[in-house]
Amino acid sequence: MIKKVLVANRGEIAMRIFRTCRVMNISTVAIYTHVDRGALHVRYAEEAYCISSDEADTSYLKPDLILEIARKTGSAIHPGYGFLSENAAFARRCEEEGVIFIGPGSDIIARMGLKTEARKIMKEAGVRVVPGTEEPVSDLEGIRAIAGEIGYPVMLKAAAGGGGKGMRLVRSEGELEAAFRLSRSEAARSFGDDSVYVEKYIENPHHVEVQVLGDQYGNVIHLYERECSIQRRHQKVIEESPSPFIREETRQAMLSVAVEACRKIGYYSAGTLEFMVDKDQQFYFLEMNTRLQVEHPVTEACTGVDLVRDMILVASGNPLPYTQDEIEFRGAAIECRIYAEDPAADFMPSPGIIKVREAPEGRNIRLDSAAYAGFEVSLHYDPMIAKLCSWGRNRESAIANMIRALREYKILGIKTTIPFHLSVLHNQTFLGGVYDTTFIDTKFDREDLSRRKNSDPTVAVIAAALKHYEEEKEAAARATTVPSVGESLWKHYGKLQMAANNF
């Protein structure tokens, strides 16, 4: 049994894994850079090790050093998502050096990590894939020939990775050369591999994914699906389960295909198969993520499963703790990814120090976060600062719970996507459950976003109280009589609460 876990990651996902470890009585080890030395995951873990050489070194991609720390501390490694989570070479090093990697085997990561290889594997397993290339294409003329054959519009994608990096939509031949150049450049920066492939772009698609879980004895189950079609720059911002769009016969076919494909390839640990669904409910395999997904809390809310716990049990050599028949799906759940971005300025990053943070509480609300008042959101890392998840007996209840939680969630000092989420959750297209991946470009009401951004009087009250507090500190310093910072802040915090309650 695993007794100690090193999380090769940071932020909210490190905290989420550590919390399950604490429930399982497993010791925890954090790694951090100089930028993150005050981070919550560093303070929460029982051991913490700096992996950067100086202030300018912000990288978490240090496989040699991470393995050295794991061996020294006797830890298994959970990679979280991003960073080294789908790095087959790192997983192989763990296997070779006797360090347990909490995820699938390196051979599976390698085969499914290369998107063109994954498409071939899924076709062999009987899964329908979007028409396109099965090998990376390295020259413009090759791309032009394939695009002409399958017909525009087409999508260029990085062969070595996902997450929206290296993706370019091409609607005509005139756009192809610039898109090809940009796609290769971004793929090289993001994955160290500039190879791209081409696939047919499905108009008005829905992005639906299936959560799977397998063990090392051939057992595979599904944990139902998630709708992930609210996206900006090809990255998800809101997810929900179950999908409000797909019909029951489509759902059952998709779940069955996902489980059977994973059995055929011998998959174990948590994983996700992503599908594109067209307006006629035809679904096509896109890619497989051989790791824990950002949006896994909505699945946990509806099934009662702790995916991190089960990943640790499977990595320890245990069979799955339940069969498919024992998985009971209840209600509906929604997740809003809270980014340090300004949605009114095309989601531009908004780094800075969080001055005030009031977290939502109450029934059926879950907040995964590593942010706190005084925390600095850095440009060096992904701008997601929290994941807010709500559950309800039905979709309408889950939406109502989320709206309440978003209205309670106060973050000052940086701009966040909270006003965007509130606007989406009041949008008639979203409420009707018929939105697709073009939602932000075609159905989102930006004027409504502007109104909501300026409609909450609490923000003005908090800002005024903070300004007054800072002015009093300066006056006290000039008078050489410095009041207690804690007492002064508490006093004015009480004032702003009373003022907010009067609105």
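Two strands count as a pair if DSSP finds at least two bridges between them. Helices (H or I, at least four residues) and strands (E, at least two) are DSSP runs, numbered from the N terminus.

Keep in mind that this is a predicted model, where local features need pLDDT of at least 70 and side-chain atom pairs count only at pLDDT 80 or more, while totals for chains, interfaces and linings use all residues. Residues are numbered from 1 along each chain as its sequence is written, and side-chain values use heavy atoms, with hydrogens and water left out.

Let's start with the open sheet: its 3 strands run in the order β6-β5-β7, paired antiparallel. β6 (168–170) and β7 (196–200) sit at the edges with a single partner strand each, so one side of each has no neighbour in the sheet. Now look at β5 (residues 154–158), which pairs with β6 over 3 bridges in the antiparallel sense. There, Val 154 stands opposite Val 170 in β6.

Next come two helices. α3 (residues 63–73) packs against α4 (residues 88–96) at an angle of about 30°, with the axes 11 Å apart. Axes here are lines fitted to C-alpha atoms, for helices over the stretch in contact, and angles run from 0 to 180 degrees between N-to-C directions. That makes α3 roughly parallel to α4 (angles under 35 degrees count as roughly parallel, over 145 as roughly antiparallel, 65 to 115 as roughly perpendicular and the rest as oblique).

Who meets whom? On the α3 side are Pro 63, Asp 64, Ile 66 and Leu 67, and they meet Phe 90, Arg 93 and Cys 94 in α4; contact means heavy atoms within 4.5 Å.
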